[in-house]
Amino acid sequence: MTTQAPVETLDLEDIQGFIMRSYPLPCARYVYVHIDDKQVNAARSTLEKLTELVTASTVWPDATGLEHALNIALSFKGLMALGLPTSSLISFPSAFAEGMARRKILLGDEGASDPSKWDKVWQDSNADPKKSIHLWLAVFAADESKRDSYYSQLAKLLGLGSGMSVLGFEDAGRLKDPTTQQYVNTEHFGYRDGISDVEFKGMPFPHVDGRGKLMPDGSWVPLATGEFLLGYPDESPENPLAPIPHLLARNGTFMVVRKLHQNVASFRCYLNEQSKKFPGGKELLAAKFVGRWRDGTPLTLSPDKQDPILADDVNRNNSFTYKDDRDGSRCPMGAHIRRMNPRDAMLFSKLADRRRIIRRGLTYGVHTPEDQPGNDTDEHGIMFLVMNSNFERQFEFVQQQWVHYGNDFFQGDDKDPLLGNNDGKGKMVIQGDSKTDRAPHICTGLPSFVNTRGGDYFFVPSLTALRQIALGIISTI
Amino acid sequence: MSINCAWLSKLTKPINLKLNKNGQAYGLTVLAPIKKGHADKLRNTLAKIPPVDVDSPLANIPLTHNARFNVIDDLPFIGAPALYDHLQNQYLLFSCVFDTGNSNASSVEADLDAYLQQMFAAMPEDITKIWGHCVDFPEPLTLPAFQDFVKKYQISGGLFFADYPDNSAEQVRRSLFEQKQFIHFAIKAQDIKGSEPAQLKADFYAFYKTLANTPTPPAGSII
Amino acid sequence: MSNLAGKAYALSVLSPIKPWTTWINQAVLLYSLIQGRISKTESNLKKLTFIHYARWQVVYRDNWLGEPPGQVKYNYLLFFSNFNGTWDQYIDAFSDVVPDRLNLIWRWSVKFPGSVPVTPFKGYIRLNQYDTDYYYNAYPGAATTDVKAAIFLKQSLDKFAATNKDLDPAAFKLAYNKFLISIQNSLMSTGAGPRFTERHQAASELKGAPYVN
């Protein structure tokens, strides 16, 4: 057997901090910046100043006392605008060069999710070279006022003569109850979010079962670093495909930005109507869609009821396999979490190890209390971020084969009930249980609960790479 | 899974054991040289076969599971220190899997004849349009001449993997069709309240009877 | 040219084998046959359920009829597969799940880099792969998993219908529920499948069957 080079420690000062984990900061502002390629020198100098503000992974493991953070990513057009040599540009993956809009068929971004229906800032970015989103800035802060004051400092850097201009920004953050102004722990559909972190070698955190990869003896170990960071061995094991020169790629990753609008009224209405037919009732139906009760309790561990103690225990709430749930009687075969991270659901957990992605989501818009029907039209959803070292092998595969298709889970063409572009025609089989003679239930007429409203593919360089891009000294010679 | 293999022990000269079957499925491989200067025309002919399977001439041979044509321009060169292999002819590689309805290894000759007979009856013009570009294609085309032509260029033996070797293409399509129909029934039946078992039973047998009388969609359909 | 027909991908690979090691390759194919028979239910290839049919054959130097004697220097291992999913998915799965089996079959091929790690392996397959000029599939809407599930469902359905005719309605209802549970993982939708390109999409426009009313 081949062995993997051990990666014991990583250069935390060189790796952008938001790759490792979500900061304990509830507010975010995502800023979309255009670079004027006629002022490339000014733009590079601005990038250099921004780089000095970028939050590195040295804030971990706790990020205590952190009041704000800044992270940066570049689109392919952004790298062009900054004058990267062609020999380096063509070494980037073609999926990245094409950008997310042109991958729409593969990603299922059709109908209401079609790029022609995206938010103006993203449509303009795809259509108008003068409005291309080149640089993605993420500001994270402890509260709104800290966010605003930190952003106003940045806005000065991006002002006249910077070679850059702000095309727009979007705010996101944890939801608040509109009456009490207290943070709630869920996204718009009422599910607890942010449970499934990924664990890879070299992360500055204590080990937690259920996050890495499953070994044949049932133990969990961290995934190979190269699945998420360029320049390190991956699960193959080999160094992942990466752009040249090496120092441009090393400690960087690729990121998907996806603005996902949530049709709150459609979701609540479907749940109410379908649960009249579903014997287990509304909360169980909601749990069956996802594979977790809305408080986060995994169905596989607790099929009959929510378990708040289990749900709050980070050492247990993500530590499970489908070994004793092969037929889906607890967590349905086509449930959201079984698709996003199948663990051992496919018999060969190795097949899942090559498709893992770092998923991050922050909600935007106003929370609709559970007792209200809500609406589909208001601006509410999730700013979804995915990080991986290979778009095609990881994110796009998950999106195409597991979200919009289900053959690997014996679900044929049936799509993810939550994320799938189901368009009123979706179907989901909720498996029954041979031990109790509970019959399976088939949900039909599933609408698209989520629509894509924008996004693109970005490169998240290391701090070294950002500095070298800013100095204009990237060379493949 | 079951695997069928004909192994050939001589160093350079094959012994043709003609064991081309796995279960009742037959794997046919034909490697025929293309007439000089005809490869581009042949490739164009293949490119113009309707891409939708149900419209394909091969859909007229219900025994066929799948079939492919590859024009081989030359042998691959994998770089020094390997030898450089070069062909003087271009070749048409045809490969298909078809049903024989029996698992009898001794009937391979008759099985192939029977399939080629169906092909000859189903798509005579297409046979000429395609293999007419190959060396020694019989003209005028007769069934025995076509059978001899295919056998002359057939490559036999090897390891043949089949995941459902005992099911005919017709059975596969019928099963897929009934699966689809049954799912539709099950969805409707789910809405019949538990208090109506008599209704459920009546509906089920009515459905089952109708299903039995409904023909299978044609070969190549998306079911 | 299209390597796709519905949900199936046609892979065709010719890789050179030194004539004096060809007999080993043949012995390996025989060994695989015997092993396949002994450990039928254990076969990882079967558990993967994404290959309808696959075949490994040796094309000998004198199988290239029309070539002058001595023209072709190598024998060739001809590999055909009819599988579901993307090219990358297929090669990845081979490399991840059955690397030893693959090495055994291909290691006699000249300059075969081994099936792990996957990038050199993919490079080797790409180099020796022949694109399909025309590919036909008799049931383009079904993956291998779908086919096997449908066969299972139909057999179960016929059995259920035949054995429960005389039950009283209440007992029939119970039997029907048990039947549903027994086939609950064979209730997938079949059809056009995952999307790749606009051309592929256009070619797989539904020509489906109407429902029984």
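Author: What follows is a conversation about the chains, their contacts and a few selected elements.

Reader: What kind of model is it, and how are things numbered?

Author: This is a predicted model, in which local features need pLDDT of at least 70 and side-chain atom pairs count only at pLDDT 80 or more, while totals for chains, interfaces and linings use all residues. Residues are numbered from 1 along each chain as its sequence is written, and chains are lettered from A and ligands numbered from 1 in the order in which they are written.

Reader: How many helices and strands does chain A have?

Author: Chain A has 15 helices and 12 strands, where helices (H or I, at least four residues) and strands (E, at least two) are DSSP runs numbered from the N terminus. With a radius of gyration of 22 Å, close to the 23 Å that the globule rule gives for 477 residues, chain A is as compact as a globular protein of that length. That radius is taken over C-alpha atoms, and the globule rule is 2.2 Å times the number of residues to the power 0.38. Along the principal axes, the C-alpha atoms of chain A fill a box of roughly 70 × 55 × 45 Å.

Reader: And how much of chain A is buried?

Author: Buried residues account for 54% of the 477 residues in chain A; a residue is buried if 20 or more other C-beta atoms lie within 10 Å of its own, exposed if 12 or fewer, and partly exposed in between, with C-beta atoms placed from the backbone.

Reader: Which way do the residues of β1(A) point?

Author: C27(A), R29(A), V31(A), V33(A) and I35(A) point one way from β1(A), whereas A28(A), Y30(A), Y32(A) and H34(A) point the other way, and all are buried. Nine of the nine residues of β1(A), residues 27–35, are buried, so the strand is largely enclosed by the rest of the structure. In a regular strand the side chains alternate between the two faces of the sheet.

Reader: What does β1(A) pair with?

Author: β1(A) runs antiparallel to β3 (residues 135–141) of chain A, to which seven bridges join it, and C27(A) has A141(A) as its bridge partner there. Nine bridges join β1(A) to β4 (residues 164–173) of chain A, again antiparallel, with A172(A) as the bridge partner of A28(A). Two strands pair if DSSP finds at least two bridges between them.

Reader: Changing topic: where is E110(A)?

Author: E110(A) is found in the loop between α5 (104–107) and α6 (120–127) of chain A.

Reader: Is E110(A) buried or partly exposed?

Author: E110(A) is partly exposed, with 17 other C-beta atoms within 10 Å. Leaving aside its neighbours within four places in sequence, E110(A) is in contact with K104(A) and N421(A), a contact being two residues whose C-beta atoms, placed from the backbone, lie within 7 Å. E110(A) and D423(A) are 313 residues apart in sequence, yet their C-alpha atoms are 9.7 Å apart in space.

Reader: How many residues do chains B and C put into their contact?

Author: Chain C contributes 95 residues and chain B contributes 88 residues. On the side of chain C that touches chain B, the largest share, 11 residues, comes from α6(C). That side of chain C divides into 56 nonpolar, 25 polar and 14 charged residues, where Ala, Val, Leu, Ile, Met, Phe, Trp, Tyr, Cys and Pro count as nonpolar, Asp, Glu, Lys and Arg as charged, and the others, Gly among them, as polar.

Reader: At what angle do α5(B) and α6(C) cross?

Author: The axes of α5 (residues 169–190) of chain B and α6 (residues 144–163) of chain C cross at roughly 70° and come within 8 Å. Axes are lines fitted to C-alpha atoms, for helices over the stretch in contact, and angles run from 0 to 180 degrees between N-to-C directions. The two helices, α5(B) and α6(C), are therefore roughly perpendicular to each other, given that angles under 35 degrees count as roughly parallel, over 145 as roughly antiparallel, 65 to 115 as roughly perpendicular and the rest as oblique.

Reader: Which strands of chains B and C pair?

Author: β4 (residues 64–72) of chain B and β5 (residues 134–137) of chain C pair in the antiparallel sense over four bridges, and A67(B) stands opposite Y136(C). The open sheet of five strands has the order β2(B)-β3(B)-β5(B)-β4(B)-β5(C), with antiparallel pairing.
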